[in-house]
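Have a look at it first, and then we'll go over how its parts meet.

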Amino acid sequence: MSREAIFGAIRRGLRRGALPDDQAMALRARLSAHPRHLIPARSRVARAEQIALFLRNLEKEFATFRRVSDAAELPEAVATYIAAQNLPPELVIAPHDELRSIPWAARPMLRLREGRAEAADLVSVQHGYVGIAETGTLMLPAAPDRPTTLNLLCDTAIVVLRASRIVGAYEEAWDVLRAERHDELSDGFMPRNVMLVTGPSRSADIESTLELGAHGPRRLHVVLVDDDSSALQS
Amino acid sequence: MLATSPAFKENAAHALADPSLQKALHRTRPQNPAKRAAAVAALPEFEQLRDIGRDIKNHTLANLDFYLETWETNVLKSGGHVHWASTADDARTAVLEICRKAGARTVTKGKSMISEELAINDHLEKHGIEPIETDLGEYILQIRKEPPSHIIGPAFHLNREDWEESFRKVHTHLPADRVFAERKDIMTEARELLRSKFLAADVGITGANFLIAETGSSVIVTNEGNGDLTQTLPRVHIVLASIEKVVPTLEDATSLLRLLARSATGQDFSVYTTFSTGGRRAGDLDGPEEYHVVVVDNGRSAMVGTEFQDMLRCIRCAACMNHCPVYQTVGGHAYGWVYPGPMGSVLTPSLIGVDKAGHLPNASTFCGKCESVCPVKIPLPKMMRHWREREFERHLSPQSVRTNLSLWAFVAQRPALYRLATRIGAKALSLLGRGRGRLASVPFAGGWTGGRDLPVPEGETFFARYARLERSKRS
């Protein structure tokens, strides 16, 4: 009942009935072409500069990072970071193939549990899908091998990202998602949830003064694997 | 929410005499404009993006029925449920029914202005379901039983001592003599307390900054992460969204997101911008099993095709109130309903009636600052003027105002009479204020001079001076 009333009122306001076929077709064409609007020049730079911009913006937003040249260095990078934060060497980690292929056994002190985060977990390791240089933003689409709770529940969130997965603008990240993902249920590309994360949790609700660590992670640490030879050469 | 907008004048007087509120306003007044200015200066394309944002919203509103239908189709395709609500009552009923079916005892909530508009919390409580606000600002307001005073910083009107006092009063399981050395300690106490609530809740309710037709998604933007915990942990996620939130594509939403955080908090991007599309998929280890969207009209469709349609472009950034001299002087509560400041002065009369909210569009100096910072270029002063006209047409303004306006119109439409009157007025005032730069009181204008002095005119009107200078140029 409400549905008809709402659509009726909108169409009365627009002084027409349902949209004529030719106009609806033009709108459907716009939806499938999903044209980009203006993209700020700041991210339209050479590859190496794009990666540098991503890292600068991470720091601007109070995240930290470490660059490693090879996935083999990851266990050491993670172990060193959590030791420096005085955190226990217990990690809940995304059940993602890229993370499984890391030689964690090189650091036998690290205890890993695969799965979603639970209330008691202190440190999570998430698989970074795409990095967006424009604002130092991580795109983290939900998937069985990338649980959403890993982005949220732990005090410390570590994200492993490959440099080759850094793009300039949000629009480029959407295009990666469109090209790579398929959602069986909707036959589209959107997973249940896509989080764009820019720095650790914060709030300015108390006296409009910024404080880090509101409800989400207090710390966000990105370990960037330099797998992008074009960026390293340029 | 019960409106006290008819008492705006009394509310404003009360606000001006409230030292605690004035202290808070004095603190926030310079902060928000400075933050926005810095973020805008760092993005050279910002002005072009404002035009783009306006055009995206205008395109959507001109085809609102089409995009809402497309959005609905795509929500259903991804396993979500859509509930249409013409009125606040329909929306409350829909929410309660979903909660009941889920057997909900507690419901966590992300910050949502539409939820305030619908007074969802009262309705749930009345039916034995406990709502828990999880946004830090909303959480303390729920404790204090106060409405929000700002659309993005709901507790900006409070000072640190208010937070400490309320937390001590309610968190009685903690030592009474604990010390809040820093603001962070207050936040940490709320974080720890709310964590168990997030985990225990049966239903999570969030608002929506955008709905995306292309994908059937809803989008929330937060810094705290409370909205994400609210929509990820419980078994059922309910989104409350008004009809004008829809935009066609991810690219359209992206352009608007470039404007939103910069205009709101001066951030380049909010910490968590999250796109939700349906419920948990096969194999997912977390996320809600059910995803519902309650789409609310509550007076908005009646704005389509009227001189107030442009108001439906609003993306709720709060830049207008952050820059408004009236809001910054009396605060948000004086406006008496959910939406304060310039955007509220236009929207509130549309949603609750100009008979109740007629004072709000009058509470403006038409300085134009709000329009100049609006990310989607809503002509707010022009629309406030439309409301003043409607109020006048419907004989809602007081007799003294009507008589004086009619008198002024009579004089202003007769140039010779107008010049004579202003000549006499300027001369009289200058005689009255001889030797002084300003007048502390003026006959028949006690209301105006009660709060400020009138600078004394020099004794010559603009017309007279212009004619004199022209004559002297020629001679």
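Predicted model: local features only at pLDDT ≥ 70, side-chain atom pairs only at ≥ 80, totals over all residues.

Residues are numbered from 1 along each chain as its sequence is written, while chains are lettered from A and ligands numbered from 1 in the order in which they are written.

Start where the chains touch. The contact (C-beta atoms, placed from the backbone, within 7 Å) takes 80 residues from chain B and 62 residues from chain A. On chain B's side, helix α10 (residues 183-200) gives the most, with seven residues. Helices here are DSSP runs of H or I with at least four residues, and strands are runs of E with at least two, numbered from the N terminus.

What does chain B's side divide into?

| Kind (side of chain B touching chain A) | Number |
|---|---|
| nonpolar (Ala, Val, Leu, Ile, Met, Phe, Trp, Tyr, Cys, Pro) | 28 residues |
| polar (the others, Gly among them) | 33 residues |

Now for burial. A residue is buried if 20 or more other C-beta atoms, placed from the backbone, lie within 10 Å of its own. In helix α1 (residues 8-16) of chain B, that applies to Phe8(B), Ala12(B) and Ala15(B). The buried residues of α1(B) pack against α2 (19-41), α14 (327-330) and α17 (359-362) of chain B. In α20(B), by contrast, the number buried is zero out of 14 residues, so α20(B) lies largely in the open.

Definitions and conventions
Contact = placed C-beta atoms within 7 Å. Buried ≥ 20, exposed ≤ 12 C-beta atoms within 10 Å, placed from the backbone.
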